[in-house]
Amino acid sequence: MTEPAGRAAVTRLRWTSLRLRLVVVFALVALTAAASASGIAYWLNREAVLTRAQDSALNDFRQEMQRRAATLPPRPTQEELRRTAEEISSGGVGYGVVLLAEREGGKPVMGVSDPDRFTLKDVPQSLRTAVDKRHEITDGNPYPYHLFWQRTTRGKTPYLVGGARIVGGGPTGYMFKSLEPERQDLNSLAWSLGIATLLALLGSALLAQAAATTVLKPVHRLGEAARRLGEGQLDTRLRVSGTDELAELSRTFNSAAESLQKKVADMSAREESSRRFVADMSHELRTPLTALTAVTEVLEEEEESLDPMIAPAVALVVSETRRLNTLVENLMEVTRFDAGTARLVLDDVDVADQVTACVDARAWLDAVELDAERGMMARLDPRRLDVILANLIGNALKHGGSPVRVSVRTAEDDLFIEVRDHGPGIPEDVLPHVFDRFYKASASRPRSEGSGLGLSIAMENAHIHGGDITAANSPDGDGAVFVLRLPRDASRPAASGAESEEAGGEDSA
C-alpha cells in the first residue's frame with residue numbers, strides 16, 4: 001500500500017470511528033428525546049380526544065334518556081320503544097340506541113334505532129351486569145343506578161358502548177357510538193409526530209456532523225502533528241487558539257515536542273561527541289600500535305633465543321598487542337558505520353571462489369566443508385564479503401565444533417550463504433543478543449581472544465549491502481546455523497547512498 005492510500009485508509013477509519021460515534025450518539029439522544037416527546041404528546045392528545053368524544057356522547061345520551069325515555073309509560077310497547085330509540089339516536093351525536101323494558105306479564109320488550117348497526121348482542125355482558133346492578137342509596141350515592149361505559153372493538157373499528165337505567169322503573173337504554181373519526185384524527189396526529197421525529201433526527205445528525213467537524217478538526221491536526229513528530233520532524237508545532245481543552249492539549253503537545261527536540265539534540269550532540277572521541281582515539285592509537293606491532297614482530301622472531309623466564313611474557317605481549325590492534329581497527333570500522341561514511345566498492349565476484357579464498361587465507365581448509373558451485377556470480381563488495389565470511393566461519397570454529405559446513409545457494413534475486421557448525425548450539429537467552437556489540441555469552445569469561453565486535457560488524461556489512469544475517473540453532477539440535485542473505489546485485493540497494501568508495505581500515509576476522 002502506498003503512503004497516500006494508507007493515509008486515506010487511516011482517514012476513512014478515523015471517520016468511521018469517533019466521527020460516526022458522535023453522529024450516532026447525537027442521533028440516539030435526539031431520537032430518544034423526540035420519540036419520548038412525541039409519545040407523551042400522542043398519549044395526552046389521544047386521551048383528550050377520546051375523553052372529549054366519550055363525554056360528549058355519554059352526556060347527550062344521559063340527557064336524551066332523561067328527556068325522552070323517562071316519559072314512556074311503565075309498560076311501553078315495542079313500537080313506542082323503537083320510536084323513542086330513533087328519536088334519541090337522531091339527536092345529532094351519531095350513535096345507535098337499544099331500549100329495554102317489560103311488557104304486561106313481565107316479558108321483555110326491546111326497541112332498536114337501527115338493527116343493522118346496533119343490537120343487544122353488541123353490548124358486552126359485563127356492561128349489562130353493571131347497568132342492571134342496583135346500588136344501595138347512601139349520603140354519597142343518591143341514585144340506585146348509574147351510567148356505565150366501555151370501549152370495545154368490532155372488526156377493526158373502535159366503539160364506545162354506554163348504558164343507563166331510568167330510576168323508578170323506566171326502560172334501560174344502551175348507546176353504541178363509533179370512534180372511527182377520532183381514530184383517524186389520532187392516526188393523522190401520529191403521522192405528524194413521526195414526521196416531526198424524523199426531522200428532529202435529521203437535524204440532530206446535521207448538528208452532530210457540524211459538532212464532530214468542529215471537535216475533530218483540531219484532533220486531526222494533532223494526529224497529523226504527532227505523525228510528523230514520529231517521523232522525525234521534531235520542529236513540528238501546532239497553532240494554538242482559544243482557551244478550551246483542545247487548546248490546552250495543543251499547548252501540551254507543543255511543550256512536549258519542544259522538550260523532545262531539545263533532548264534529542266542533546267543526545268545527538270553527545271552521541272556525535274562520543275563517536276568523534278572513539279574515532280580520534282582510534283586514530284591516535286594507530287601510531288603507537290604500529291610501533292608496538294613492529295617491536296612485537298621482532299620479539300616474536302627472536303623468541304627462540306630469549307631467556308626461558310622472559311619468553312612467556314614476550315608471548316603475552318605479542319598476543320595482547322595483536323588483540324589491541326584488532327580492537328582498534330574494529331572500533332574504527334564501527335565508527336564509520338555509525339557516522340554513515342562506510343561505502344561499498346562493488347565488483348562482480350564468483351561466490352564459491354570468494355568463500356574458498358577466505359577459508360584458504362586463514363588456513364581453515366581442513367576444518368571447513370564447502371558446498372558451493374562455481375559460476376554463481378554476484379555484484380558485491382569482495383572485501384566486506386570476506387569480512388562477513390571470516391567472522392561467521394571463525395565464530396563457528398571458535399565457539400561451535402568441527403566440521404563447519406558452508407553452503408551457498410541462490411533464490412530469485414538473493415544469495416544465501418549458510419554457515420553450520422556441530423557444536424553445542426547457542427543458548428536461547430543468548431540468541432537475541434549474538435549481534436550486539438561487546439556482548440559476551442558467558443559473564444565468567446569477560447576476556448577472550450575476540451573483541452566482541454565481529455558479529456556486529458558482520459551484520460553492519462550485510463546491512464550496507466541491503467541484506468541481513470539470522471542466527472538459530474539447528475532443528476536436529478546439532479550446532480548453530482547462521483544464514484547470510486545478500487542481494488545478487490548490491491548496486492540497486494546501494495544506489496540511494498553516496499558515491500561508492502572504500503572506507504579505510506581493515507576488518508577483523
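A residue counts as buried when its relative accessible area is under 20%. In this predicted model, Asn141 has a relative accessible area of 13%, so Asn141 falls on the buried side of that cut-off. Asn141 sits in the loop that runs between helix H3 (125–132) and strand S3 (148–154). What does the side chain of Asn141 make a polar contact with? The partner is the side chain of His146, at 2.8 Å. His146 also turns up among the residues that Asn141 touches, together with His135 and Glu136, once residues up to four places away in sequence are left out.

Next come the aromatic rings. A pair of such rings is described by how far apart the centres are and by the angle between the planes. How many aromatic pairs does the structure hold? There are four. One of them joins Phe61 and Tyr95: the ring centres are 6.1 Å apart and the planes stand at 85°, so this pair is edge-to-face. Phe61 belongs to helix H1 (residues 3–67), while Tyr95 belongs to strand S1 (residues 95–102), so the pair ties together parts that lie 34 residues apart in sequence. Both Phe61 and Tyr95 are buried.

Phe435 and Phe482 make an edge-to-face pair too, because their centres are 6.1 Å apart and their planes are at 85°. Here Phe435 comes from the loop between S10 and helix H9 (454–465), and Phe482 comes from strand S12 (residues 480–487), so the pair links parts that are 47 residues apart in sequence.

Phe118, Tyr159 and Phe176 gather into one aromatic cluster. Tyr159 has a charged neighbour too: Arg154 lies over the face of the Tyr159 ring, at 5.0 Å from the ring centre. Elsewhere, Arg409 places its charged end over the ring of Phe416, 4.5 Å from the centre of that ring.

Helix H8 covers residues 382–399, which makes 18 residues. From first C-alpha to last, H8 reaches 25 Å, close to the 26 Å expected at 1.5 Å a residue. Is H8 largely enclosed or largely open? Of its 18 residues, 13 are buried, so H8 is largely enclosed by the rest of the structure.

Most residues other than glycine have a negative phi. Ala363 has a positive phi instead, near 60°. Ala363 is found in the loop between helix H7 (351–361) and strand S7 (368–371), and its relative accessibility is 69%, so Ala363 counts as exposed. Where does Glu412 lie? Glu412 is in the loop between strand S9 (404–411) and strand S10 (414–420). Phi of Glu412 is positive as well, near 55°, and Glu412 is exposed, with a relative accessible area of 77%.

Methods: Residues numbered from 1 in each chain as written. Predicted model: local features only at pLDDT ≥ 70, side-chain atom pairs only at ≥ 80, totals over all residues. Heavy atoms only, no water. Helix = DSSP H or I, 4+ residues; strand = E, 2+ residues; numbered from the N terminus. Buried < 20%, exposed > 50% of the residue type's maximum accessible area, 1.4 Å probe, protein only. Expected span 1.5 Å × (residues − 1). Polar contact = N/O pair within 3.5 Å; in protein donor to acceptor, adjacent residues only side chain to side chain. Contact = heavy atoms within 4.5 Å. Phe/Tyr/Trp six-rings, centres within 6.5 Å; stacked < 30°, edge-to-face > 60°. Lys NZ or Arg CZ within 6 Å of the ring centre and 35° of its normal.
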